[in-house]
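Keep the structure open as you read.

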Amino acid sequence: MQALPWRTTSRIALVLLIALVGTRKTAAQIHLASNDLHPDVLHSRFFGPEPASDEVANRLRAPFHALKNIFINRQVSDDNFTLRVYDMRNGEAVTLEVITLADEKDRYVETGEADWVRIDRKRREYTKRLVDKWEDRGIPRKSIAVKWGRRNQVVDARIKEAITAEYEIRLARLMGLSLLAAEIGNVETFNVDSLVSARGARGRYQLMPYTLKQFDINEYWLTTVSGRRVRVKEELHPLLTMEPAFIWLKAYTNAVGHEIPGLLAYHSGPGTVFRIYRMFLRDAKHLHGPGNSVDDAFIWALTEGYEEVARRSRFGPYGRGYVLSAYGSLQAFENVPFNTSQTLQVDRLQLRSGTSTTLAELLDALEGSRLRWASGTESFSLYERFRRINSHMGLPKESNAQGVPAAGNVQLRSKVGGEAIRFFLPLGAVEVLKGQGLRIIDEEVTYRFGKTTYRLPDANELTEWDRAYADLVNAVSRFGFSLERRAELRTIKNRFEQLAEETPTNYRRRQLAVISHHVRLWDFDGWEELAAMVESRSVEGASNFGAQ
């Protein structure tokens, strides 16, 4: 991946500020630092600046904040040519040495390009030498941590996010999550939609193929008028993958009882989290007490319990830093408000069954209209504007010829091979098409991304079953894992199915998707082992785990 020139660092900051803040005083802005979804507010017990009121949190806060500061340095201060060596003894993070890959940095300054994979490979070689060096100087090997700076990629990721950030923040609020949820794309891929992991996870939010299929995120081919084929990969469009990613994160959060370990479950799977909980219950007896919550166990695993947990599970350095990397990415630009005039406002469309058109015919009908396409594309042709907002379609770049190139003039219909052909046009485009006599859009399946997308449900939309589910999740946050609650969860899920059938709103559809995934996450051996341990301790009267 190419990156921005180092010699223009100050210009990058200025461009980023203009892109996110904007120059118009009337532009609406989202201020992250003062947002009520900030983890310092929502999860203040550990993240907030003020001491907690309970002994457990205060015991773990100091080593947790020392660890948190490492990742703030990593994402905010240190560039991609930096290695920082820490002494982690006594729950502290003392900087021993800072190394810069001067030759690589100079080459970046000279060319404006960098191969981050190759640079990381070189930093990996340096890491081994640095660990050996400081071990020879008397620092225990297990206490030496070498962290790589990521500032260049964080900046690049934030620029990519400008068109979708408003929706991520609104969706986080709707799902009852913090701003950390909006950093998943930054941590997983630095918002590179084309990335495929070694395990096969795909897209900006790194969803596995079976998850994509569950949410009808598909791959198919379109045929052009000239007979060529254009591949469509819906995983490449963040407005198609964002909602599934947040639903999946919310299901994990509810299943493990708290958003912070929920983020780890999103990345590593719930088995790792449930194992951490079991080890906490068994090994951290000095922290047990009435009112313990699952975030106590997670913060313990990051700090006091890390060495033991890492030795006896798959919880390693990357998992340990996952949530804190998200926090560091948030910190990097929390004082740079987003200008919502950058938000991509579009309709997700599908043609009516039995109708068809070509891309050239579609864009000809929109010629001369005053539609608001993606910001910064005002001087582009309609074809290039369409290509930019439909990144899931493998349309070729614009040629020198006027109009839609033959290699991009795809034929559009309702479905191909059983899969819905979905595409995006600016708000108002459907009305323009109808004015031109093209009544080809299936407005019943149109999904609008605009100022009201992901609104909070009205109070009268909530039922006793929504409240019952919220109460169950609240009990889970206090180690409320039991076979009885699993049975209750299944009952609530059945009622959610009825509610979604009776009132098939977007809110009901999301709620049903969340609880359906939650049920599946509680239906395997790792959860049952945890539930058995919690129930046995309740019977023994050893603690208040699992209490209402």
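A nonpolar core here is a set of buried Ala, Val, Leu, Ile, Met, Phe, Trp, Tyr and Cys residues joined through side-chain atoms within 4.5 Å; buried means under 20% relative accessible area, exposed over 50%, and partly exposed in between, with a 1.4 Å probe and protein chains only. Bear in mind that this is a predicted model, where local features need pLDDT of at least 70, side-chain atom pairs count only at pLDDT 80 or more, and totals for chains, interfaces and linings use all residues. Residues are numbered from 1 along each chain as its sequence is written, and side-chain values use heavy atoms, leaving out hydrogens and water.

The largest nonpolar core has 137 residues, and the members that touch the most others are Tyr266, Tyr277, Phe386, Phe423, Leu425 and Phe481. Helix α11 (residues 238-256) gives this core its largest share, twelve residues. Helices (H or I, at least four residues) and strands (E, at least two) are DSSP runs, numbered from the N terminus. A second, separate core holds 16 residues, among them Val85, Ile99, Ala114 and Ile139.

Now pick out Phe481. Leaving aside residues up to four places away in sequence, its contacts (heavy atoms within 4.5 Å) include Ala255, Val256, Phe274, Tyr277, Trp522 and Trp527.

Next, see how α11 meets a neighbour. Helix α8 (residues 165-174) and α11 have axes that come within 11 Å and cross at roughly 25°. Axes are lines fitted to C-alpha atoms, for helices over the stretch in contact, and angles run from 0 to 180 degrees between N-to-C directions. Angles under 35 degrees count as roughly parallel, over 145 as roughly antiparallel, 65 to 115 as roughly perpendicular and the rest as oblique, so α8 is roughly parallel to α11. Tyr167, Glu168, Leu171 and Ala172 of α8 make the contact with Leu239, Met242, Glu243 and Phe246 of α11.

Compare helix α12 (residues 259-268) and helix α13 (residues 270-283), whose axes lie 7 Å apart at an angle of about 135°; these two are therefore oblique to each other. On the α12 side you will find Pro261, Leu264, Ala265 and Ser268, which meet Pro270, Thr272, Val273, Ile276 and Tyr277 in α13.

Finally, look at Asp120, which sits in helix α6 (residues 116-136). Asp120 is buried, because its relative accessible area is 12%. Apart from residues up to four places away in sequence, Asp120 touches Trp148 and Arg150.
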